[in-house]
Amino acid sequence: AGLSVYTDSSTNLAGGAAFTGTSRDGGSTPAYNMFVASVFADQAGTLKIQKSIDNTTWRDAATVAVTAGVPQELTVKCTARYYRAYYLNGATLQTQFLLTSAYQRI
């Protein structure tokens, strides 16, 4: 299929806490050409997509500020084998949080 979707987390984060998603292996000959991360949080924070060629050293591929209560999505072209979502919560404890990611073939 053209889409592989993952629920990374729905566990609320404490103020200043970070969540690092599971490493997603696109394969040595990737079947997908886009990686997407989507988040909804009731507190402001920062959403990132990180990439790695070796599943050890991670680099930011894209970053966006998240406004409390406003869904946010990031999309990057696949240029590495591994991808993951990362979220850094702002100073206030969350009461709602959902982070998902997906590989997509277009």
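In the predicted model, the protein chain carries 8 positive and 6 negative side chains. The centres of these two sets of charges are separated by 8 Å. The accessible surface of the protein chain amounts to about 5500 Å², and carbon and sulfur atoms contribute 51% of this area.

The secondary structure of the protein chain comprises nine strands and zero helices. Read from the N terminus, the order of elements is therefore β-β-β-β-β-β-β-β-β. The radius of gyration of the protein chain is 13 Å, close to the 13 Å that the globule rule gives for 106 residues, so the chain is as compact as a globular protein of that length. Along the principal axes, the C-alpha atoms occupy a box of roughly 40 × 30 × 20 Å.

Burial and contacts were also computed for the protein chain. Of its 106 residues, 41% are classed as buried. Among the contacts with a separation of 6 or more, 78% are made by residues 24 or more positions apart.

Asn55 is located in the loop that joins strand E5 (45-52) and strand E6 (59-66). The phi angle of Asn55 is near 65°, which is a positive value in a residue other than glycine. The relative accessible area of Asn55 is 36%; because this value falls between the limits of 20% for buried and 50% for exposed residues, Asn55 is classed as partly exposed.

Note on methods:
Residues are numbered from 1 along each chain as its sequence is written. This is a predicted model: local features need pLDDT of at least 70, side-chain atom pairs count only at pLDDT 80 or more; totals for chains, interfaces and linings use all residues. Side-chain values use heavy atoms; hydrogens and water are left out. Helices (H or I, at least four residues) and strands (E, at least two) are DSSP runs, numbered from the N terminus. The radius of gyration is taken over C-alpha atoms; the globule rule is 2.2 Å times the number of residues to the power 0.38. Buried means under 20% relative accessible area, exposed over 50%, partly exposed in between (1.4 Å probe, protein chains only). Contact means heavy atoms within 4.5 Å. Accessible areas come from the Shrake-Rupley method with a 1.4 Å probe; for residues, only the protein chains shown count as cover. Lys and Arg count as positive and Asp and Glu as negative; His and the chain ends are not counted. The place of a charge is taken as NZ of Lys, CZ of Arg, CG of Asp or CD of Glu.
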